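Welcome! Please take a look at the sequence and the model below, and then we will walk through them together.

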Amino acid sequence: MPDAERERGFEPASGGGPARAAELRTAYEGLLRIRRLLVGREDVPAPWELRAAPRAVALVLEAAGIPPSAVDAGGRRCRSGYRVAAAGAGPDRVEVSWPGPPGGGAAQEERERLTACAAELERHGWECLLYRGPRGRRFLEVEPAHRPPPGPAG
């Protein structure tokens, strides 16, 4: 692993690039461990996730085995899958779309695939709303679910 990559830490797939199974497993287990330590639960995002929401959301999706989209060396979309981007409405909001290569069928499968993404993200404490964009393509708007902090057991 190059020094620059090691210094940045694990970079989850956000719609391009290869998945790295061992690093992915370590990063995901670390996410859950941090949640347990800081929040007391695994189903509520930790504070760092709210500051780096695209990275946290991409990590959850990649760890679930949902394929990321990819582009080739020329910048052309070559594989259908999820794409994560900051939503611009706030640092803790993310947009998840399902792009693919032209004629590859991504538009026909996006509702089902985005619904699966939403189910996984909601299981991890994110709230997801499915929208239809200006060209009729669907996307998820993702933000942390508003849950009360864990209280005393009893």
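Among the contacts in the chain with a separation of 6 or more, 50% are between residues 24 or more positions apart; contact here means heavy atoms within 4.5 Å. The model is a predicted one, in which local features need pLDDT of at least 70 and side-chain atom pairs count only at pLDDT 80 or more, while totals for chains, interfaces and linings use all residues. Residues are numbered from 1 along each chain as its sequence is written, and side-chain values use heavy atoms, with hydrogens and water left out.

Let us follow the chain from its N terminus: the elements run α-α-α-α-β-β-β-β-α-β-β. That comes to five helices and six strands, where helices (H or I, at least four residues) and strands (E, at least two) are DSSP runs numbered from the N terminus.

How much of the chain is buried? Of its 154 residues, 36% are buried, meaning under 20% relative accessible area with a 1.4 Å probe, protein chains only.

After α4 comes G65, with a positive phi near 85°.

Now turn to the strands, which pair if DSSP finds at least two bridges between them. Strand β3 (residues 83–86) runs antiparallel to strand β4 (residues 94–97), joined by four bridges, and V84 stands opposite V96 in β4. β4 also pairs with strand β6 (residues 138–144), again in the antiparallel sense over four bridges. Here S97 stands opposite F139 in β6.

How values were computed: Buried < 20%, exposed > 50% of the residue type's maximum accessible area, 1.4 Å probe, protein only.
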